Amino acid sequence: MEHYIVTLFVKTGHEEDVIGYYQNLEPQLREAPGFNGRHIYVAKVGTMAAEVRKQYSAEELAKHGESPHDDPGVQVIMIEHWDSVGERMAFSKSIAAGRQKEIIPHLLPNHSHEFYADRSVS
């Protein structure tokens, strides 16, 4: 089994556009040879920071100042499972290249996509 993981950073407020794009591919994925399933995860922005603020004192938090930044975006992670790398690549090639232009305006430039080996301890 091959694990294909995509990490996207979406412009804040554009999450549903990107998620909808990938959800609309679901019927094609289900028909693709070698496809074994996919999960799409969207960060619950601010949840971790809010919990840290509850758990740590003001003095502890002051030691770890947060640097200012522009829109950090919303992280979207997709994890797909395929029988082989070649079958995933064949699926990618089968999608009309022009269709991906639909999501480009919603994305921040930093993203990754790669195949991963499972090193989990069972």
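**Core, fold and selected residues of a predicted model**

In this predicted model, the largest nonpolar core comprises 19 residues, among which Leu-8, Tyr-22 and Trp-82 touch the most other members; such a core is a set of buried Ala, Val, Leu, Ile, Met, Phe, Trp, Tyr and Cys residues joined through side-chain atoms within 4.5 Å, where buried denotes under 20% relative accessible area, exposed over 50%, and partly exposed in between (1.4 Å probe, protein chains only). At least two residues of this core come from each of strand 1 (2–10), helix 1 (15–24) and strand 3 (74–82), and strand 1 gives the most, with four residues. In general terms, nonpolar side chains tend to be buried together in soluble globular proteins. Residues are numbered from 1 along each chain as its sequence is written, and side-chain values use heavy atoms, with hydrogens and water left out. Because the model is predicted, local features need pLDDT of at least 70 and side-chain atom pairs count only at pLDDT 80 or more, whereas totals for chains, interfaces and linings use all residues.

Leaving aside neighbours within four places in sequence, Leu-8 is in contact with Val-18, Tyr-22, Val-74, Gln-75, Val-76, Leu-107, Asn-110 and His-111. In helix 1, the buried residues are Glu-15, Val-18, Ile-19, Gly-20, Tyr-21 and Tyr-22, and their cover includes strand 1, helix 2 (26–31), strand 2 (35–42) and strand 3.

Among contacts between residues at least 6 apart in sequence, 88% join residues at least 24 apart.

The radius of gyration, taken over C-alpha atoms, is compared with a globule rule of 2.2 Å times the number of residues to the power 0.38: the protein has 18 Å, whereas a compact globule of 122 residues would have a value near 14 Å. The C-alpha trace spans about 55 × 40 × 20 Å along its principal axes. Of the 122 residues, 29% count as buried. The protein exposes about 8,600 Å², of which carbon and sulfur atoms supply 54%; these areas come from the Shrake-Rupley method with a 1.4 Å probe, and for residues only the protein chains shown count as cover. The mean positions of the 12 positive and 18 negative charges are 2 Å apart, with Lys and Arg counted as positive, Asp and Glu as negative, and His and the chain ends not counted; the place of a charge is taken as NZ of Lys, CZ of Arg, CG of Asp or CD of Glu.

Individual residues illustrate the classes of accessibility. Glu-26, which lies in helix 2, is buried, with a relative accessible area of 18%, and, leaving aside neighbours within four places in sequence, Glu-26 is in contact with Phe-35 and Arg-38. Ser-84 is found in the loop between strand 3 and helix 5 (85–94) and counts as partly exposed because its relative accessibility is 25%; the C-alpha atoms of Ser-84 and Asn-110, 26 residues apart along the chain, are separated by 26 Å. Ala-49, in helix 3 (residues 47–55), is partly exposed, with a relative accessible area of 32%, and a separation of 28 Å is found between the C-alpha atoms of Ala-49 and Tyr-22, which are 27 residues apart along the chain. Ala-62, in helix 4 (residues 58–62), is exposed, with a relative accessible area of 64%, and the C-alpha atoms of Ala-62 and Ser-122, 60 residues apart along the chain, are separated by 39 Å.

Definitions and conventions: Contact = heavy atoms within 4.5 Å.
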